[in-house]
Amino acid sequence: MLPHELQNVVPESTPAAEICQQNQIVREFYGEIKYREELELHCQWYYATAKQHQQELQKMQGDLNIFGWFNRARHKH
């Protein structure tokens with residue numbers, strides 16, 4: 001129980017204030033869900049793009065090795 005002097009200073013919680021607080025909590029909760037879903041989609045895109053780039057790099061490196069092999073073969077003749 002609050003001391004007599006502070007009872008009038010601290011506002012009592014009203015049903016409307018509680019509803020506003022609950023609504024704020026719900027908005028924050030759904031905002032967090034949306035953020036996490038967007039982050040998950042971004043991460044999936046990032047990893048798929050990185051994998052594609054790695055595959056393209058390996059292919060280009062293979063192409064360069066073949067080109068170098070033909071280039072060396074021409075210089076030996």
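Is Glu 38 buried, partly exposed or exposed? At 46% relative accessibility, Glu 38 counts as partly exposed. Keep that residue in mind. One caveat before going on: this is a predicted model.

Salt bridges, then. The count comes to two.

Start with the one that involves Glu 38. Its partner is Lys 34, and the closest N and O atoms are 3.9 Å apart. The cut-off is 4 Å, so 3.9 Å is counted. Where do the two residues sit relative to each other? Lys 34 and Glu 38 are four residues apart in helix α2, so about one helical turn separates them.

Now the other bridge. Arg 36 pairs with Glu 32, with the closest N and O atoms 2.8 Å apart. Arg 36 and Glu 32 are four residues apart in helix α2, which means a separation of about one helical turn. What about accessibility? Arg 36 has 55% relative accessibility, so Arg 36 counts as exposed. Glu 32 has a relative accessible area of 35% and is partly exposed. Why does Arg 36 get the label exposed? Because exposed means over 50%, and Arg 36 is at 55%.

Next, aromatics. How many aromatic pairs are there? The count is two. Phe 29 and Tyr 30 make one of them: edge-to-face, 5.3 Å centre to centre, with 75° between the planes. The other joins Tyr 46 and Tyr 47. Their ring centres are 5.7 Å apart and their planes stand at 80°, so this pair is edge-to-face too.

How open are these tyrosines? Tyr 30 sits at 53% relative accessibility, so Tyr 30 is exposed. Tyr 47 is exposed as well, with a relative accessible area of 58%. Tyr 46 comes in at 47%, and that makes Tyr 46 partly exposed.

Last item: the surface. Which residues form the nonpolar patch? Val 26, Phe 29, Tyr 30 and Ile 33 do, with about 390 Å² of accessible area together. Val 26 is partly exposed, at 41% relative accessibility.

To recap. Two salt bridges. Two aromatic pairs. A nonpolar surface patch of about 390 Å², with Tyr 30 among its residues. That's it from me.

Technical notes:
Residues are numbered from 1 along each chain as its sequence is written. This is a predicted model: local features need pLDDT of at least 70, side-chain atom pairs count only at pLDDT 80 or more; totals for chains, interfaces and linings use all residues. Side-chain values use heavy atoms; hydrogens and water are left out. Rings of Phe, Tyr and Trp (its six-membered ring) pair if their centres lie within 6.5 Å; planes under 30 degrees apart count as stacked, over 60 as edge-to-face and the rest as tilted. Buried means under 20% relative accessible area, exposed over 50%, partly exposed in between (1.4 Å probe, protein chains only). Patches are made of residues with over 30% relative accessible area and no salt bridge: like charges are joined within 9 Å, nonpolar side chains (Val, Leu, Ile, Met, Phe, Trp, Tyr) within 5 Å. Accessible areas come from the Shrake-Rupley method with a 1.4 Å probe; for residues, only the protein chains shown count as cover. A salt bridge is a side-chain nitrogen of Lys or Arg within 4 Å of a carboxyl oxygen of Asp or Glu. Helices (H or I, at least four residues) and strands (E, at least two) are DSSP runs, numbered from the N terminus.
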